[in-house]
Amino acid sequence: MKNKKALEFSFGWIFAILAGAFIILLAVIISQRLIATEKKAGDTMLAKEVGISLISSETALESSKLSKINFQTETRFFFDCNSVKGPFGEQRIKTSTKMPGNKQWNNESFEQKFPDKYIFSSRTIEGKTLTVFSKPFNFPYKIADLLFIFGNETYCFVNPPPAIEYEISSFSLRLINISDAIENCQRNSKKVCFYSSNPKCDIKVDLDAKSVEKDSKKVYFEDYFDTSLLYASIFSDAINYECQLKRLMKRNYQLTSLYLEKTNLLSSIGCNSGLTGELNILKTKLNDFSSSLEIRRISQSAKEIEYANKQLSCPLY
Amino acid sequence: MQTNSFRALFIKKSQLQIQQMAFVLVALMILFGLILVSYTSIKISQLNKEANRLGEEQATEMVKKIVSSPEFIWAYSSCSLCIDMDKVFILKNRSEYRDFWNVDFLIIEKITKDQRNRTECNLLNYPNCTTITLIKKDNADIGIPKGAFVSLCRHENDRDGYTRCELGKIYAYPKKIK
C-alpha cells in the first residue's frame, strides 16, 4: 500500500525548476535581441561608411573616375531615392551582411540619408566589392557628380556609335564589353542595343529620340552637355532614374537661383551679364519639372545660357 | 497536538524557503538588469564614438568635396582648390543648404597680414572683409574643425577686368550625432 514508487518533488524543487527555466528563457531572448541589435548597428555603420567612401569616388576636375570599394563580408546594398524630402531630396542607403558559412542574410540596417549623392544602379547589389564609376553632370553648368555602382552584373554594348565606344573603352571598365552582334555577348550579361529592336535586347537605346527602353518602360535623356544622363538611364531602372533626375533638377533650381544672384552682384560692380531673363526662364522650367519627358524642353534654355555665357567678358561660370 | 505543531513548523520552514528563493530570484534579476544596463551603456558609448569617428572621417573627405562642389568651385579655370568667393557670399543667406553638407560648422576665411582684425562679410562691406560664416549651428558641440588652404577667387572689373585670387582657408566640422 505504501510502496507506490512515485517520484516525489518538493515544492522548492518545482519552484526552482520553473524559475530557472524562466530565467534561462529570458536570457536566451535577451541575448538573441542583443545580437540582432548589434548586427543591425554594424550594418548601419557599414551603410554610413559606404556613403563616406563614395565621397572620394566623386570627381573634382576629372571627366570621370573609377574606384572600387571592398568589404570583408558578403554584403547586400539597397539603394533608394526620395525626391520629395527637403529642397534636394535624398539618396538612401541600407545594407545587410551575411556571416561566412551562414545562408541567411541579417535584417536590413537603418537607412542612411545623403542629400548630395545621386546613385544610378540596380536597386539591390550583392557582393564583396563595389565598382564605382562617377561622371559629372553639366546642365549647362556643373550640377553634381553621378555615381554608377556595379556589383557582379556585366553589360554588353551592341554596336554603339564610335563616340560612345571610345568613351566606354577609355573608362577601362571590365564590366562593360563591346560587341558587334548580340550573339557574341556573354550569356549572363545585360544586352544594351543601339538603334535595334531585337527582342533579345534587355535595354534599347535610341540616340535620335534620346530615349532608353528597359523592362517595357521608356525614359528620356539629354546628351548635349555631356553623356552622363545616357549612362544613368542605361544603368538604373526607370523609377530610380526619374526620381534621381527630379533631384538633379531640384539641385539645378538652387544653383540657377545662385547664379541669378551672382548676376545681380556682378552687375553692381559694372559687369552686367544680361543673363537674368534666361536664368529666370530656366528657373521656372526647373520648378515645373515632373518627368524625363521634359528634359529636352529644359535643355533649350540651358543651351541659350551656355551660348550667352561664352560671349561674356566676365562669364558667370 | 504534536502533529499540529509539527505541521505548523513544516509550513513555517516552507514559507521561509519560498521567501529565500524569492529573495535570490529578485537579487538575480537585479544582477541581470545591472549587467544589461551597463552592457547597453558601454555599447551605446562605443557606438557614439564610432559614429563620431565616422563623422570626422567624413569631414576630412568632406572639406575636399565641398571645395569642388558646384556651389563653391571657381569654374573659369581648371583649378581644383579655387573657390568662387561671390557664390560663397550668396550662399551665406541660403537656408536650403543648412543641412546639405551634413556639417555643424562651415567657415571660409581670407588669410591676411593682420589675423586679429577679422570682419564678417555682409552686403555693406563685401568684398573688403575676411570671414564668411556659412553654417554655425547654435548649441552645437564643436570640436577642432578640419581645415584646408584654398584660393578665394572673384572677378574685379577695374583695369579692364581681371580675376583676383587670394589665399584663404576653409574650416568644417561634421554634424554631431546625439
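Which residues in α4(A) meet which residues in α5(A)? Point 2 has the reply; first, a word on the model.

1. **Ground rules.** This is a predicted model, in which local features need pLDDT of at least 70, side-chain atom pairs count only at pLDDT 80 or more, and totals for chains, interfaces and linings use all residues. Residues are numbered from 1 along each chain as its sequence is written, while chains are lettered from A and ligands numbered from 1 in the order in which they are written. Helices (H or I, at least four residues) and strands (E, at least two) are DSSP runs, numbered from the N terminus.

2. **A helix pair in chain A.** From α4(A), the residues Met249(A), Asn252(A), Tyr253(A), Thr256(A), Ser257(A), Tyr259(A), Leu260(A) and Thr263(A) meet Thr276(A), Leu279(A), Asn280(A), Leu282(A), Lys283(A), Leu286(A) and Asn287(A) in α5(A). Being in contact means that the C-beta atoms of two residues, placed from the backbone, lie within 7 Å. Sorted by class, this contact has 7 nonpolar, 7 polar and 1 charged residues. Here Ala, Val, Leu, Ile, Met, Phe, Trp, Tyr, Cys and Pro count as nonpolar, Asp, Glu, Lys and Arg as charged, and the others, Gly among them, as polar.

3. **How those helices cross.** The axes of α4(A) (residues 238–268) and α5(A) (residues 276–287) come within 9 Å and cross at roughly 160°. Axes are lines fitted to C-alpha atoms, for helices over the stretch in contact, and angles run from 0 to 180 degrees between N-to-C directions. The two helices are therefore roughly antiparallel to each other (angles under 35 degrees count as roughly parallel, over 145 as roughly antiparallel, 65 to 115 as roughly perpendicular and the rest as oblique).

4. **A helix in the open.** Why does helix α2 (residues 162–171) of chain A lie largely in the open? Of its 10 residues, the number buried is 1, so α2(A) lies largely in the open. A residue is buried if 20 or more other C-beta atoms lie within 10 Å of its own, exposed if 12 or fewer, and partly exposed in between, with C-beta atoms placed from the backbone. Just after α2(A), look for Ser172(A), which takes a positive phi of about 55°.

5. **Strand β11 of chain A.** Strand β11(A) pairs with β10(A) in the antiparallel sense over 4 bridges; two strands pair if DSSP finds at least two bridges between them. On its way to β12(A), β11(A) forms a hairpin with 2 residues between the strands, where Asp215(A) in the turn has a positive phi of about 50°.

6. **The sheet of chain B.** Here 5 strands form an open sheet in the order β1-β4-β5-β2-β3, with mixed pairing. Its edge strands, β1 (82–84) and β3 (131–136), each pair on one side only. Strands β1(B) and β4(B) pair in the parallel sense over 3 bridges, whereas 11 bridges join β4(B) to β5(B), which run antiparallel.

7. **Where the chains meet.** Chain B has 32 residues in contact with 39 residues of chain A. The largest share of chain B's side, 15 residues, comes from α1(B). The residues of that side divide into 15 nonpolar, 9 polar and 8 charged.
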